[in-house]
Amino acid sequence: GLLEVNETFCRMNGYTEQELLSMHIPDLEDKEAASYTASHIQKIMEQGEDRFETRNRRKDGSVFDVEVSIQYRAEQGGRFVGFLQDITERKQAEEQISIQARLLASVQDAIIGTDMSYHIQYWNAAAESLYGWKAEDILGPPLEELIQNEYLQGPLEEVLRQIAEKGYWKGEVTQNNRDGTRIPILASVSAITNDQGQTTGLVAVNRDITERKQAEQALLESNELLSLFMKNS
């Protein structure tokens with residue numbers, strides 16, 4: 001049974017101190033987590049301490065995530081001293097990050113994130129497919145060491161000016177992949193800002209428009225042939 005609890009533990013679980021001192025640890029655990037916690041008991045007794053995550057159930061029935069740091073003290077017949085922390089917000093944040101990572105990984109456009117020195121910080125699966133470099137091989141170096149850009153709507157300085165003024169730039173650029181092939185790209189580049197509104201990096205969403213450019217060229221050639229035919233008719 002529980003021998004001593006503090007006020008924070010009472011608030012965390014929604015019980016009074018008197019109620020908790022009449023209860024046992026399994027009374028507080030989510031049913032699905034109870035066997036998981038029980039499996040740690042022998043380990044804790046053998047090594048003297050352990051740290052793990054589990055789930056508790058409050059008096060109102062709601063379930064929440066906790067991190068448990070527990071020690072076993074063999075004196076006085078053996079006691080467990082545990083420190084519990086409600087990690088619900090941390091688990092929610094981790095899940096949100098995991099969802100965002102899966103979303104970015106599944107996007108069909110190449111997504112490239114850099115710091116202000118253009119060192120690559122993020123490179124999704126579509127970028128790997130488009131450019132030929134794996135993320136583990138490309139994270140860190142400056143982007144310009146690997147990819148040479150030819151901006152079709154104006155020089156780089158104009159691109160950077162628009163990003164500084166508007167926070168984004170969109171236009172066509174020609175880039176190379178790993179084997180040197182030049183690829184027409186429709187790029188959308190946005191500034192990444194911190195909580196203070198300071199720009200800390202850039203993120204580019206790049207789409208291979210090779211098929212579109214080929215279709216445009218075919219249409220142009222078709223129109224030229226038609227015009228030539230009409231002249232000779």
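Two strands are said to pair if DSSP finds at least two bridges between them. Strands (E, at least two residues) and helices (H or I, at least four residues) are DSSP runs, numbered from the N terminus. The model is predicted: local features need pLDDT of at least 70 and side-chain atom pairs count only at pLDDT 80 or more, whereas totals for chains, interfaces and linings use all residues. Residues are numbered from 1 along each chain as its sequence is written, and side-chain values use heavy atoms, with hydrogens and water left out.

By this criterion, β7 and strand β8 (residues 182-193) pair in the antiparallel sense over nine bridges. Within this pairing, W169 has V189 in β8 as its bridge partner. Five residues separate the two strands, which form a hairpin, and G180 in the turn has a positive phi of about 95°. Strand β7 (residues 168-176) also pairs with strand β6 (residues 150-151), in the antiparallel sense and over two bridges. Here E150 has T174 in β7 as its bridge partner. Strand β7 is mostly covered, with seven of its nine residues buried (under 20% relative accessible area, with exposed over 50% and partly exposed in between; 1.4 Å probe, protein chains only).

An open sheet of three strands has the order β1-β2-β3, with antiparallel pairing. Because β1 (49-57) and β3 (79-86) stand at the edges, each with a single partner strand, one side of each is left without a neighbour in the sheet. Neighbouring strands of this sheet are turned by 30° against each other on average, direction ignored. Strand β2 (residues 63-73) pairs with β1 over nine bridges in the antiparallel sense, and R55 stands opposite D65 in β2.

Key. Axes fitted to C-alpha atoms, helices over the stretch in contact; angles between N-to-C directions.
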